[in-house]
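Here is a briefing for a reader new to this structure. Please look through the sequence and the model, then read the points below.

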Amino acid sequence: MPPEATEKPRYTLVITGAPYTSQAPATALAFCRALLDSGHGCDRLFLYGDGVYLASILNTPPSDETNWTSEWQALLRQHSIPATACIASCLRRGLLDNQEAARYEKPASNLSDGFSIAGLGEWVEAQSSSDRVVYFHGGT
């Protein structure tokens, strides 16, 4: 059997639902932990639409609630998983890194460590390099 046939699939996860208004970030986190625990790989986390709110440094839930941004940051750091937020979604929702804050002459950036802002080229690359893409939607 060739080595490729015995390798476990690699995943890209897409979150489109915001933390605290949908279960998408929480469900995606549980799924990601389970797939990593079973030896699968996660190539990238991609945030789109309201999912980009997960990457905001300004998320400050009450002390008795889970801080989904911090939980994701820890997992991303531990497993060296890149996390990308769609630039168009970020700009529409006021989420900026230092470069975009300077470009649009805004007084501050608010992107959390461990996340980057990029265009759909990153998304296309992730789709072509992963074996599976799993979406976690916010629902309506």
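**Briefing: strands, core, rings and cysteines**

S2, helix H3 (residues 68-79) and S3 together form a β-α-β unit, and this unit is right-handed. The model is predicted. The points below start with the strands, then turn to the core, the aromatic rings and the cysteines.

**Strand S2 and its partners**

- Strand S2 covers residues 41-47, and seven of its seven residues are buried, so the strand is largely enclosed by the rest of the structure.
- S2 runs parallel to strand S1 (residues 10-15), and six bridges join the two.
- Within this pairing, Phe 46 in S2 stands opposite Val 14.
- Between S1 and S2 the chain passes through helix H2 (residues 24-37), in a β-α-β crossover that is right-handed.
- S2 also runs parallel to strand S3 (residues 83-86), with three bridges joining them.
- Here Leu 45 has Ala 83 in S3 as its bridge partner.

**Strand S3**

- S3 is covered on both faces.
- Ala 83 and Ala 85 lie on one side, Thr 84 and Cys 86 lie on the other, and all of these are buried.
- S3 is joined to S4 by four bridges, and these two strands run parallel.
- The bridge partner of Thr 84 in S4 is Ser 116.

**The nonpolar core**

- The largest nonpolar core holds 27 residues.
- The residues with the most contacts inside this core are Leu 13, Ile 15, Cys 32, Leu 45, Leu 47, Trp 72 and Phe 115.
- S1, H2, S2, H3, S3 and strand S4 (115-118) are the elements that each give two or more residues to this core.
- H2 gives the most, with six residues.
- What does Leu 45 contact, leaving aside its neighbours within four places in sequence? Its contacts are Leu 13, Ile 15, Trp 72, Leu 76, Ile 81, Pro 82, Ala 83, Thr 84 and Phe 115.

**Ala 28 in helix H2**

- Ala 28 has its place in helix H2.
- Is Ala 28 buried or exposed? The relative accessible area of Ala 28 is 0%, so this residue is buried.
- Not counting residues up to four places away in sequence, Ala 28 touches Leu 13, Ile 15, Trp 72 and Phe 136.
- Ala 28 and Val 134 are 106 residues apart in sequence, yet their C-alpha atoms are 8.8 Å apart in space.

**Aromatic rings**

- How many aromatic pairs does a search of the whole structure find? The search finds two.
- Phe 31 lies in helix H2 and Phe 136 in strand S5 (residues 132-136), so the pair ties together parts that are 105 residues apart in sequence.
- Phe 136 counts as buried because its relative accessibility is 9%.
- Tyr 11, Phe 31 and Phe 136 form one aromatic cluster.

**Cysteines**

- How many disulfides does a search of the whole structure find? The search finds zero.
- Cys 86 is in no disulfide, and the nearest cysteine sulfur, 6.8 Å away, is that of Cys 90.

How values were computed: Residues are numbered from 1 along each chain as its sequence is written. This is a predicted model: local features need pLDDT of at least 70, side-chain atom pairs count only at pLDDT 80 or more; totals for chains, interfaces and linings use all residues. Side-chain values use heavy atoms; hydrogens and water are left out. Buried means under 20% relative accessible area, exposed over 50%, partly exposed in between (1.4 Å probe, protein chains only). Two strands pair if DSSP finds at least two bridges between them. A crossover is right-handed if, with the strands pointing away from the viewer, the path from the first strand over the helix to the second runs clockwise. A nonpolar core is a set of buried Ala, Val, Leu, Ile, Met, Phe, Trp, Tyr and Cys residues joined through side-chain atoms within 4.5 Å. Contact means heavy atoms within 4.5 Å. Rings of Phe, Tyr and Trp (its six-membered ring) pair if their centres lie within 6.5 Å; planes under 30 degrees apart count as stacked, over 60 as edge-to-face and the rest as tilted. A disulfide is a pair of cysteine sulfur atoms within 2.5 Å.
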